[in-house]
Amino acid sequence: MNVVFRGGGSATNMHGRVTDLSAVGLFLSTRQFIPLGKQVHLEFELPTGKVEAVGEVRWVARGA
């Protein structure tokens, strides 16, 4: 699933892929590093419709 997201309050647009999605969170695969604690605004499409959410980076895996 493709996802478009940007840092909360930032004009930077970053693109990535959602590789895991559950009721308690998701994992984003990106080329750009997003630091722990960074707030992100997520926008993506599911079969049931558009999703807009705000989240916080809680875990980082480099090279994954």
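Rings of Phe, Tyr and Trp (its six-membered ring) form an aromatic pair if their centres lie within 6.5 Å; planes under 30 degrees apart count as stacked, over 60 as edge-to-face, and the rest as tilted. The model is predicted, so local features need pLDDT of at least 70 and side-chain atom pairs count only at pLDDT 80 or more, whereas totals for chains, interfaces and linings use all residues. Residues are numbered from 1 along each chain as its sequence is written, and side-chain values use heavy atoms, with hydrogens and water left out.

**View 1. The aromatic pair of the structure.** A search of the whole structure finds one aromatic pair. The ring centres of Phe-27 and Trp-59 are 5.9 Å apart and the planes stand at 55 degrees, so the pair is tilted. Because Phe-27 lies in strand β3 and Trp-59 in the segment after β5, the pair ties together parts that are 32 residues apart in sequence. Strands (E, at least two residues) and helices (H or I, at least four) are DSSP runs, numbered from the N terminus. Phe-27 is partly exposed at 24% relative accessible area, while Trp-59 is exposed at 60%; buried means under 20%, exposed over 50%, and partly exposed in between (1.4 Å probe, protein chains only).

**View 2. Arg-62 and the ring of Phe-33.** Arg-62 is found in the segment after β5 (49-56). The charged end of Arg-62 sits over the ring of Phe-33, 4.2 Å from the ring centre. This description applies if NZ of Lys or CZ of Arg is within 6 Å of the ring centre and within 35 degrees of the ring normal. Arg-62 counts as exposed because its relative accessibility is 67%.

**View 3. A nonpolar surface patch.** Phe-33, Leu-36 and Val-60 form this patch, with about 280 Å² of accessible area together. Such patches join nonpolar side chains (Val, Leu, Ile, Met, Phe, Trp, Tyr) within 5 Å, or like charges within 9 Å, from residues with over 30% relative accessible area and no salt bridge. A salt bridge is a side-chain nitrogen of Lys or Arg within 4 Å of a carboxyl oxygen of Asp or Glu. Areas come from the Shrake-Rupley method with a 1.4 Å probe; for residues, only the protein chains shown count as cover. Val-60 lies in the segment after β5 and is partly exposed at 32% relative accessibility.

**View 4. The loop residue Lys-38.** Lys-38 is placed in the loop between β3 (25-30) and β4 (39-46). At 28% relative accessibility, Lys-38 is partly exposed.
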